[in-house]
Amino acid sequence: MTVSSFFGCLLTAYGAPLAVFFLSIAKDAQHVILAITSAFFWLVSILLSSAIWYAWWSLTGATLPMAAIGVGVALQELARYGFFVLYAKSEKGLSVISRIPNSPMNRPEHAFVAGFGFGIISGLTMYITQLAESWGPGVILCNSCPSVDLFFVSAMQTCVFIFLHIVWTMVMFDGFLTRQWWKPVYVVLTHYGASFSTLLVPSNIMGGCTISIAICVAILMVTTFLAVRPVFKIIKGA
């Protein structure tokens with residue numbers, strides 16, 4: 001049971017993202033470098049977040065999950081903005097050496113790749129330990145959904161958050177580049193909403209895991225629409 005749980009959780013969490021990587025990103029060395037660079041920015045943000053949390057815990061002995069999420073999300077979004085600043089300064093050079101130089105599709109394509117870097121490193125960092133524990137010798141049932149394996153719930157959340165980071169980055173980049181300031185604000189607010197919803201999973205609220213995943217999927221659907229709309233406009237105008 002635990003072996004099948006391990007491979008089921010592995011494919012649930014990383015199957016679709018890895019398919020995106022090998023079918024789209026891995027074919028272009030420039031895209032791989034962009035993804036690795038954006039992943040580094042995320043790692044810096046989580047390092048700072050961990051340092052702040054550890055310092056707070058050392059001084060007070062309190063964990064305060066909501067405060068940890070608040071600081072973590074803020075630092076992740078600052079890292080996303082920092083990567084955008086770096087990208088904006090190098091955009092012309094990147095566009096020239098792209099597969100299709102100076103194509104209007106380069107911007108959303110680069111944002112997609114950067115978002116993948118954010119998402120995949122986030123998914124690996126946050127879930128890989130739980131995935132290793134799912135090997136055995138037993139399973140842990142979800143507190144808010146007693147009939148469901150906690151590792152599987154976390155795997156679904158990991159997959160959704162990887163794709164959320166992709167579309168969040170696309171929306172934020174488009175917002176900054178087109179001066180639609182409500183888009184970065186939307187990204188920050190929905191990131192907080194999705195992150196705080198994960199607190200429902202270990203809660204005593206019956207069906208909390210279902211509510212949490214439903215919230216995240218709803219945010220993913222709306223954000224995906226906002227992310228692909230500029231792409232369709234580019235295609236329509238071509």
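Author: The model shown is a predicted one, and the protein chain averages a pLDDT of 90, with 99% of the residues scoring at least 70. Among the elements of the chain, helix H6, which covers residues 182-197, has the highest mean pLDDT, at 96. The lowest mean, 89, belongs to helix H3, which covers residues 65-96. Where pLDDT is low, predicted coordinates should not be read in detail.

The pattern along the sequence is accordingly written α-α-α-α-α-α-α.

The next matter is the overall form of the chain. Its C-alpha trace spans about 55 × 40 × 30 Å along the principal axes. The radius of gyration of the protein chain is 19 Å; because a compact globule of 238 residues would have a value near 18 Å, the two agree.

Buried residues account for 45% of the 238 residues in the protein chain.

There remains the surface, and with it the charges. The accessible surface of the protein chain amounts to about 12,200 Å², and carbon and sulfur atoms contribute 76% of that area. The chain carries 11 positive and 7 negative side chains. The centres of these two sets lie 14 Å apart.

How values were computed
Residues numbered from 1 in each chain as written. Predicted model: local features only at pLDDT ≥ 70, side-chain atom pairs only at ≥ 80, totals over all residues. Heavy atoms only, no water. Helix = DSSP H or I, 4+ residues; strand = E, 2+ residues; numbered from the N terminus. Rg over C-alpha atoms; globule rule 2.2 N^0.38 Å. Buried < 20%, exposed > 50% of the residue type's maximum accessible area, 1.4 Å probe, protein only. Areas by Shrake-Rupley, 256 points an atom, 1.4 Å probe, with all protein chains shown as cover. Lys, Arg positive; Asp, Glu negative; His and termini not counted. Charge placed at Lys NZ, Arg CZ, Asp CG, Glu CD. pLDDT = per-residue confidence, 0-100.
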